Amino acid sequence: GKEWFRVKRGYWYIILTAVIFSTMEIALKEVSGSFHPLQMTFTRFLAGGLFLIPFAARTLKKKGASLGWKDIPGFLLLGFVGMVLSMSVYQMSVKEVPASVVAVLFSSNPIFTAVLAFFMLKESIRRNQIAALLLEIGGILAIINPFHISLSPYGVLLAMISTLLFAVYGVMGKQRCARFGGVVVTCASFLCGSAEMLFMILFSRLPMVNKWLAGSGLELFANIPLLSGYSWKTLPWMLMICIVNTGLGFACYFKAMEETSAQETSLVFFLKPVLAPVFAFFILGEVISWNMGLGIAFILIGSLLALLPGLRAVQKLPKTPVA
């Protein structure tokens, strides 16, 4: 019946989100060096938010809901946590340790999400989820290969703070999805977050602020550009990053949260370290090392273990024959 299709649809959203998010690094690599990291963050969330406005309006009409002034502070907080804080700290961590390592560390998001969802949303933590988390932690450690790589403790700490903040963003977004819908939550948080980032960018360009940031070792946040780097070569990639990877990707992420649970949706970030290297191998020709392969195997087993009970529940639900 309807319940069977709803659960099944939720897992399709999880898979689609994982595929979209896994192509982000490939698209970013094509424009690397052309854009400032925070300029890229601001642009992709602004464009993604604007792209989603008509879809958000349709969702509100369908739900019979509306956004009022009293809802703005909540979305400003959501955008501040998800875009301004999490993504800015993420960019700082990339400066300290390799981007590939940060991406894998960021994929530990479900560990934080499961704990936060337990306390904030009262979602239960099942034994299979704990076993899956342990397997996936093992997979992440195998990919990082800590015994043969020298990592900055400060950079690793920043990456984990960014991951925690993003988990908070996801759980906070879940609380608003029931009322407004995933697309509306995504659109509003993107627009609010990008507005806050625009203020930060303009503030960074003030002479006194620019001088203080540069003198404090925070050059990344000093004199952030807005419009530099665009060309006919970079424009198609920027459209993909802004509209597909950001707008459509996060919309599917919150739609998955509507249909499943916060923990199940966060499996996206365990599937990403599996899919991203495969895409990089076929599209960019990047080699998959033995420890990367081992990590991928651990993560795949862990993800399947976490999803298996839900998939079994789907199979047991009565199927309504199509007329």
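**Cores, helices and confidence in a predicted model**

In the largest nonpolar core, which has 72 residues, F166 and Y169 touch the most other members. A nonpolar core is here a set of buried Ala, Val, Leu, Ile, Met, Phe, Trp, Tyr and Cys residues joined through side-chain atoms within 4.5 Å. Buried stands for a relative accessible area under 20%, exposed for over 50%, and partly exposed for values in between (1.4 Å probe, protein chains only). A second, separate core has eight residues, including A27, V31, M40 and C242. The model is predicted: local features need pLDDT of at least 70 and side-chain atom pairs count only at pLDDT 80 or more, while totals for chains, interfaces and linings use all residues. Residues are numbered from 1 along each chain as its sequence is written, and side-chain values use heavy atoms, with hydrogens and water left out.

L78 belongs to helix α4, residues 72-96; helices are DSSP runs of H or I with at least four residues, numbered from the N terminus. With a relative accessible area of 0%, L78 is buried. Beyond its neighbours within four places in sequence, L78 is in contact with Y169, M172, G173, R176, V185 and S189. L78 and Y169 are 91 residues apart along the chain, yet their C-alpha atoms are separated by 6.1 Å.

Helix α3 covers residues 37-63, 27 residues in total, and reaches 37 Å from its first C-alpha to its last, close to the 39 Å expected at 1.5 Å a residue. The expected span is 1.5 Å times one less than the number of residues. At I53 the helix bends by about 45°, and a proline, P54, follows within four residues. The bend is the angle between axes fitted to the seven residues ending at a residue and the seven starting there.

S204 lies in helix α9, residues 182-204, and is buried, at a relative accessible area of 2%. The S204 side chain reaches the backbone nitrogen of I224 at 3.3 Å. Residues touched by S204, apart from those up to four places away in sequence, are V209, N210, L213, F221, A222, N223 and I224. Of these, N223 is placed in the loop between α10 (207-215) and α11 (235-259). N223 is partly exposed, at 40% relative accessibility, and has a positive phi of about 50° although it is not a glycine.

The chain has a mean pLDDT of 80, and 89% of its residues reach 70 or more. Confidence is highest in α9, at 91, and lowest in helix α14 (residues 290-316), at a mean of 71. Over residues 319-323 the pLDDT is below 50, and beyond near neighbours in sequence this stretch has four contacts in the model. Where pLDDT is low, predicted coordinates should not be read in detail.

Conventions: Helix = DSSP H or I, 4+ residues; strand = E, 2+ residues; numbered from the N terminus. Polar contact = N/O pair within 3.5 Å; in protein donor to acceptor, adjacent residues only side chain to side chain. Contact = heavy atoms within 4.5 Å. pLDDT = per-residue confidence, 0-100.
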